[in-house]
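Here's a quick briefing to read alongside the model. Have the sequence and the 3D view open as you go.

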Amino acid sequence: ADLIRGSSNVVFHTGAGISTASGIPDFRGPNGVWTMEERGLSPKFDTTFENARPSKTHMALLELQRVGILKFLVSQNVDGLHVRSGFPRDKLSELHGNMFVEECVKCGKQYVRDVVVGSMGLKPTGRLCDVSKARGLRACRGKLIDTILDWEDSLPDRDLSLADDACRKADLSVTLGTSLQIKPSGNLPLLTKRKGGKLVIVNLQATKHDRQADLRIHGYVDEVMTKLMKQLGLEIPEWTGPAVVESSELVKPEPALKLDPDAQRPAKEEPCSHHNGTAEGADGIRPGLGTAREEHCDGLKQECPGSGHSPVAAKRVRVESLLT
Ligand SMILES: [Zn+2]
């Protein structure tokens, strides 16, 4: 807490360890994918990606961003929990992809879906881009691919350069639930150190860069974050269901938003076409995947009927294919 109070630009880095409390196995933890594999066992999923709830750590990070302490978040996780917790996507780099995001190969538009997109390794998902061209008559129709990297794939340019930049500017990098062994993601926190900043490592096990840390805490991230938030006098917000927030600007209570009655319309009155994909401009906040579901819809079924873009049914995705 003192290190955070004494810093003006704090970047957090997260790994699989922050999602074990959400029922998604990590890699090197006691029940991790690789630990189990060594014993000839399969990793255990306590949930599906769609049903996983953000952990206390996910929600604490959301609050730290809202109050202006956390300036940028770099994650190696592909479970989509940061985005589904409502963390603003413009303050987040997902270096290894997101199970819920598909991207147009032609125009680059990203669509955040309500269910996992169904493929891995940057392969076509079977759906096409529906971005309207300038005159609004023809859609882009580019092929959509998933964003999950395979071992040989290079990291997404935009996410990597934003993360790189944020780490150099930061005066404090805090890593949570990662052994920092995967390159280049695991080395990014060292950039902060190299520029004269400080490094804090929170992880159950030893990490690759423990010797470089100004402070190491070997413990459960949820416990550490709960205590940290208490020290800082901050509440960990409750999660109220999946919500996608594109821009941090739109989270702040700006007068323009307050005065615009349209901006506060409940999700059920929004046009169907806004429920999927990377909303732009005034539609940056989509408070509504959860709300809409309660009203009358089940996940992506809230799309306009006959739009032809419904992803495959929600299914349990096994992580093995990510690792072999
Ligand atoms: Zn496109």
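Residues 24 or more positions apart make up 65% of the chain's contacts that have a separation of 6 or more, where contact means heavy atoms within 4.5 Å. Keep in mind that this is a predicted model: local features need pLDDT of at least 70, side-chain atom pairs count only at pLDDT 80 or more, and totals for chains, interfaces and linings use all residues. Residues are numbered from 1 along each chain as its sequence is written, and side-chain values use heavy atoms, with hydrogens and water left out.

**The chain overall**

- You'll find 10 helices and 12 strands here; these are DSSP runs (helices H or I, at least four residues; strands E, at least two), numbered from the N terminus.
- The chain has 324 residues, and 52% of them count as buried, meaning under 20% relative accessible area with a 1.4 Å probe, protein chains only.
- Its accessible surface comes to about 16,000 Å², and carbon and sulfur atoms own 51% of that; the areas come from the Shrake-Rupley method with a 1.4 Å probe, and for residues only the protein chains shown count as cover.

**The zinc site**

- Four SG atoms hold the zinc ion, from Cys104, Cys107, Cys129 and Cys140, at 2.3 to 2.4 Å. Donors are N, O and S atoms within 2.8 Å of the metal (3.2 Å for Na, K and Ca), and water is not among the atoms, so sites may look incomplete.
- The site is tetrahedral, with angles of 103 to 120 degrees among the four donor atoms; to count as that, four donors need all angles between 85 and 135 degrees.
- Along the chain, the donors of the zinc ion follow the spacing C-x2-C-x21-C-x10-C.
- An unreviewed UniProt entry places a "binding site" at Cys104, Cys107, Cys129 and Cys140. UniProt positions use the numbering used here, feature names are shortened, and annotations may be inferred rather than shown by experiment.

**A look at two of the cysteines**

- Cys129 lies in the loop between β6 (124–128) and β7 (143–146), and Cys140 lies in the loop between β6 and β7 too.
- Cys129 is buried, with a relative accessible area of 1%, and Cys140 is buried at 7%.
- Leaving aside neighbours within four places in sequence, the contacts of Cys129 include Cys104, Cys107, Tyr111 and Leu144.
- With that same exclusion, Cys140 is in contact with Cys104, Lys106, Cys107, Cys129, Val131 and Lys133.

Definitions and conventions:
Buried means under 20% relative accessible area, exposed over 50%, partly exposed in between (1.4 Å probe, protein chains only). Four donors count as tetrahedral if all angles lie between 85 and 135 degrees; four count as square planar and six as octahedral if opposite donors are over 155 degrees apart and all others between 65 and 115; anything else is irregular.
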